[in-house]
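The sequence and coordinates are shown first.

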Amino acid sequence: MLSYIIRRLLVAIPTILLLIIACFFLMHFAPGGPFTSERPPPPAVLANLEARYGLDQPLWKQLWDYVTNIVLHFDFGPSFKFKDRDVNDIIAQGFPISLTYGFLSFLAASSVGIVLGCVAAIRHNTWIDYFTVSLGIAAQALPNFIMGPILILTFTLWLGLLPGGGWNGGQWQYLVMPVIALSTSYMGSISRITRSSMLEVLNSNFIRTARAKGLPARTIIWRHALKPTMMPVMSYLGPVFVYVLTGSVFVDIYFSTGGLGQAFVGSALSRDYSVLLGVTILYGVLTVVVNLLTDLAYAWLDPKIRY
Amino acid sequence: MQKKTRLFVAGLLSSTFITGTAFAGGTHPTTGEPLADDQTFIYRVLDEHTSVDPQVVEDVSGSEIVRDLFEGLMNQDADGNLVPGVATGYTANEDNTVYTFTLRDNAKWSNGDPVTASDFVFAWQRAASPELASAYQWYIELMSIENASAVIAGDKPLDALGVKALDDLTFEVTLSAPLPYFPQMTTHSTTFPAPQKVVEMHGDAWIKPENIVSNGAYVLTEHLPQERSTRERNTMYWDNDATIIDKVVALVINDENVALTRYMAGELDRTEMPAGQFPRMSKEHPEEAISFPRLCSYYYTFNLSDSGPEEFKDVRVRKALALTVDRKIITENVMAGGQTEAFSFAPVATAGFEPPEAKMASMSQAERDAMAVELLAEAGFGKDNPLKFNMMYNTSEGHKKIAVAMSQMWKQKLGVEVELSNQEWKVFLETRGNQDFELARGAWCGDYNEASTFLDLMDSESGYNDGKFESARVDELLASAKTSGDTTPLYTEVEQIIANEVPIIPIYHYAGVYMMDSDVGNWPVNNVQQNWYSKDLYKIAE
Amino acid sequence: MFAKSQKAQDLAEDVASESVVKGRSLMRDAWLRFIQNKAAMGCSFVLGMVILFVIIGPLFAVWNHEEIDWATMGDVRGLGYPSIESGHFFGVDDLGRDLFSRTIQATQTSLLVGLIGAAMALCVGTLYGVTAGYFGGRLDTAMMAFVDILLAIPTTLIIILILVVAGKSFITLFLALGAVSWLTMSRIVRGQTLALKSREFIEAARAGGVSDTAIVTRHIVPNLAGVVIVYASILVPDMILAESFISFLGLGISEPNTSLGALIAEGAGTMAYGTLWQLLFPLFFYVTIIITMFFIGDGLRDALDPKDR
């Protein structure tokens, strides 16, 4: 097991390196640069700017400096847009925020989704089932970005219950709407996947055997059905986990939370190369780590899998 | 206005509230209006500011903060007139090439140090320094300070720049060319002083709230990127006793509709009006919906360079297209926020500017349309040989609406087939800057209140002349305007040439359209540049 | 010598005339299972109605999708509501353009985006996955490592960069969506191919001297069809959702063309201003398409992959 983990992590290093190279060149390929502006600076000023940020060097040299700085000093470079902050600052400030509301959304989506899915499967073909299924489908089919304005109108303007945005150190009032907005659609899909997986398990032979032996329904579900049900759910949760922790640009836009989602899309649009690369690397590392964790969880759920 | 959620915001703000101010609960010293207990002004900004370093800042939201944190030689009053700042006054030599500013002796930094002429020398040299590499180095060049270009290019040392501290309270600037409106330019943030000791101690991080030392009416106390920034009364400010607002909070809200919702919920004192919502809001909230002219122009530019389409080389085609754009529909139905129809490039509100008698402005739209059809037919385009071109704008809801409306006007009235393409901002700038377009959107806001800030774009040498319009006469007029005592007729003639040659289609002049809480006093609606200072505002008790 | 029995002779004749043993192919089985699935059939019907609406709707439209109704544009809230009289059956958008025609146009776009995006994923992913899986070895390792790297790049980044680099058009939109969606498909296909490769019938074919190309096209690809079609049907709503996200970022397709995502993003912005129809009509079509696609996808999976149930 340990050697498997080590092997996976070793493979991750060249993967991340290739990721850096791919993104670096993709980024520089996009038209415009960090200093393209409505008032293009005179050539002398532009030259000063490029010299200051090392953009006058050949691309391979920039890439080399970038990678060595990361390896030697864990320094991801300065932001081209925000003059008083570097990438480390921006990630240190935005990531905990994304992490907090992302993780809470993940918890909300998976716990509610799994419970709803199980209940629907256990009460198959009753009104509870139909109700949960339609709820899940509706949640999944609505484009998640319309949740933002709807929630703010309802809770801030009409009901006056919650502040319309901001983060404020993550106080609960500021967390409610982002978490609802982000978790809804995942909740829908998780409940649907759980339901169909649970149905399948409940129809399988070993559950029938357990029933035939006269085990109480509760024991059957808790002791026997739950674990195999989680298998397909797990493989869905892995990518969702990464996505929820990072890709919530619409939450940041609507709720002014200050997370990394906005920093990421903003840096792509303003060609803030270093921030874009820094966040991409973070996403890449997260993806690799979460994939590994998912596989380990698989092994735990399914004793047939051995690494 | 609903006040329900105020509770939360007020709660969070009062935690760091500075107590014991002179005006809370009193009356305004000049107007006599009752003042609110809570003198906190909260406004929305579209985007996170990029910096609050006076020499580095380049965006509007950053400049607004910098104007509160730092004070330059001169300030603007509510009408945009020049009033003393750190300098009590200035003298100029007879040909306007040497300006001498006298500084007040009671100006202090927030750490108690006096503000001296050497702080300005340091700041101005810093602004020109190739090492700092500020994007606003060009402003130092624009001010025509002696040796500016050489210093920026790194050919001369910083101290060659034409700025000198004659003594602690006398600051002298030498210009390479006479510039009658030079004092106006010292209200711009690039020229604000910087505290040498602090900058040298902390480097780029000197503007973080824990390090910053400033000389304006406020100090930066909190900055949560992409969320909010807070500035509070600077007790060391020389005119602190006259300052009424205690605390100013800028909330970053990217989405304008959400911002309006939060304004309606009482979380904000000021927000921008989404396009098209002004008529409704001014009906429902007449006290709060405000609109006033601004020093900005919205236009479309033809590509007249070699890479531009052959059709646009014909002035009749350009004129026909310009005539057909029904500006009234755009200002009244699309934007609907008190914008004014544009028939000249520089806004009519610009100081010392008189637009020429444009024939077009006095015609009715039907007459313009008829004339356009004729012109286009003369140029050889008609139903069987329709004019086709591509118009380009950068991605935004508002620009999209205007582009769609214009293309439909052309299509329905002239049978012109227009292909619309929108590009993401940076791509758009790159494409436009490389003359890789046919017709492209443009907008320009004045850096200072003088027509040259607009008309210089029409100079064939200008780096901002993306349409590559060339006219020897315009170049000549603009050059003589630099030194002339009476510039008004010169600028009028430039506009006349623009009206005849139609290198651009002016669409409208901007308006500041806000929802502003009726308890905010003294918002400078007459300041066309919208250089506002929180120290001049106050909150009225409700 | 074997005696020729009458029976054998009959059988031979029957086989020759292909009349008796009518083979029930896998596909026919699947089809039968699919039409027995009420939810899937109901949804197919509804989706069919939507498609029919998109096709014949323009015949009833009074305004086209780009024409501005100058009379209503000044007061969209007061005059632009849905009405039979004005000819704006679904009301008008913020600029006074007919929402009925725009919704039809948007639905066309979204359906096309979904179908073509999924089709691209299907073609590229299958080709890539089969190649990697069938030839195996170092090639497989390299090809899959490449996919893993691409999977680690955030989708949003790829989409933004493609749209930014290549400009906006239908084609780049399809490219952008196709570029991010084939990855998972290729992994699934590779896994299936690996499993198929070691099966007896493939070994038999190989032993019989059938060429690699023939094995892949005649034996492997047909056996992949089930999985691939199921996954592609799941991809269709994903593509439509992804397009709506792109529209939300303002990187969607160019005016005067529009998509459901773009219309919904516009409508969501103005929903507090008394013009709710601008949100509800496009949202209705959007949700209908997504939901029907879900159920059709489920139905296809049940039909094509019975052991999965």
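In this predicted model, chain A contains twelve helices and zero strands. Read from the N terminus, the order of elements in chain A is therefore α-α-α-α-α-α-α-α-α-α-α-α. The C-alpha trace of chain A extends over about 85 × 55 × 30 Å along its principal axes. Chain A has 307 residues, of which 46% count as buried. Among the contacts in chain A with a separation of 6 or more, 72% join residues 24 or more positions apart.

Two contacts between chains are described next. The contact of chain A with chain B takes 42 residues from chain A and 48 residues from chain B. On the side of chain B that touches chain A, the elements giving two or more residues are helix H1 (6-14), helix H4 (137-142), strand E10 (247-252), helix H8 (256-264) and helix H15 (425-433) of chain B. Of these, H15(B) supplies the largest share of that side, with six residues.

The contact between chain C and chain B involves 20 residues from chain C and 20 residues from chain B.

Definitions and conventions
Residues numbered from 1 in each chain as written. Chains lettered and ligands numbered in written order. Predicted model: local features only at pLDDT ≥ 70, side-chain atom pairs only at ≥ 80, totals over all residues. Contact = placed C-beta atoms within 7 Å. Helix = DSSP H or I, 4+ residues; strand = E, 2+ residues; numbered from the N terminus. Buried ≥ 20, exposed ≤ 12 C-beta atoms within 10 Å, placed from the backbone.
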